[in-house]
Amino acid sequence: LWQIPRTVIGLVKIAALDPRGGQRPSELVALAEQAIERDGRLAPYLATLGLAHYRAGQFEQAIRACQESLAADRPG
């Protein structure tokens, strides 16, 4: 599973949006951070990290990750 960080990011996104909250938010943050370490600071990954931070109640980190995602998505 870890050879495909994109899949992990997708799973983190799904789990973070699950209203039942079956996964601990801190685990979602850790998974997103590990995927970013393996595959780079790509805009969709950073946005998902922001979502995971938000779900964990880490609002300042969520804002930073989302701002970084927006900056990474801008051309040149």
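The buried residues of helix α4 are Ala62, Ala65 and Ser69, where buried means under 20% relative accessible area, exposed over 50% and partly exposed in between, with a 1.4 Å probe and protein chains only. Seen down the axis of α4, these buried residues fall within an arc of 70 degrees, so they line one face of the helix; the arc is that of the directions from the helix axis to the C-beta atoms. The face of α4 turned away from this buried side carries the exposed residues Glu60, Gln67 and Leu70.

This is a predicted model, in which local features need pLDDT of at least 70 and side-chain atom pairs count only at pLDDT 80 or more, while totals for chains, interfaces and linings use all residues. Residues are numbered from 1 along each chain as its sequence is written, and side-chain values use heavy atoms, with hydrogens and water left out. Helices are DSSP runs (H or I, at least four residues), numbered from the N terminus.

The table sets out two helices, with the expected span taken as 1.5 Å times one less than the number of residues.

| Helix | Number of residues | End-to-end C-alpha distance | Expected span |
|---|---|---|---|
| α4 (59-73) | 15 residues | 21 Å | 21 Å |

The buried residues of α4 pack against α3 (43-55). In α3 the buried residues are Ala43, Tyr45, Leu46, Thr48, Leu49, Gly50, Ala52 and His53, and what covers them includes α1, α2 and α4, contact meaning heavy atoms within 4.5 Å. Thr48 of helix α3 counts as buried at 2% relative accessibility, and, leaving aside its neighbours within four places in sequence, Thr48 is in contact with Ile9, Val12 and Lys13. Helix α3 is followed by Gly57, whose phi is positive, near 80 degrees.

Helix α1 (residues 5-17) contains Thr7, which is partly exposed, with a relative accessible area of 34%. The C-alpha atoms of Thr7 and Glu37, 30 residues apart along the chain, are separated by 14 Å.

Helices α1 and α2 (residues 25-39) pack at an angle of about 155 degrees, with their axes 9 Å apart; the axes are lines fitted to C-alpha atoms, for helices over the stretch in contact, and angles run from 0 to 180 degrees between N-to-C directions. That makes α1 roughly antiparallel to α2, a term for angles over 145 degrees. The contact is made by Pro5, Val8, Ile9, Val12, Ala15 and Ala16 of α1 and by Leu28, Leu31, Ala32, Ala35, Arg38 and Asp39 of α2.

Notes. Helix = DSSP H or I, 4+ residues; strand = E, 2+ residues; numbered from the N terminus. Parallel < 35°, antiparallel > 145°, perpendicular 65-115°, else oblique.
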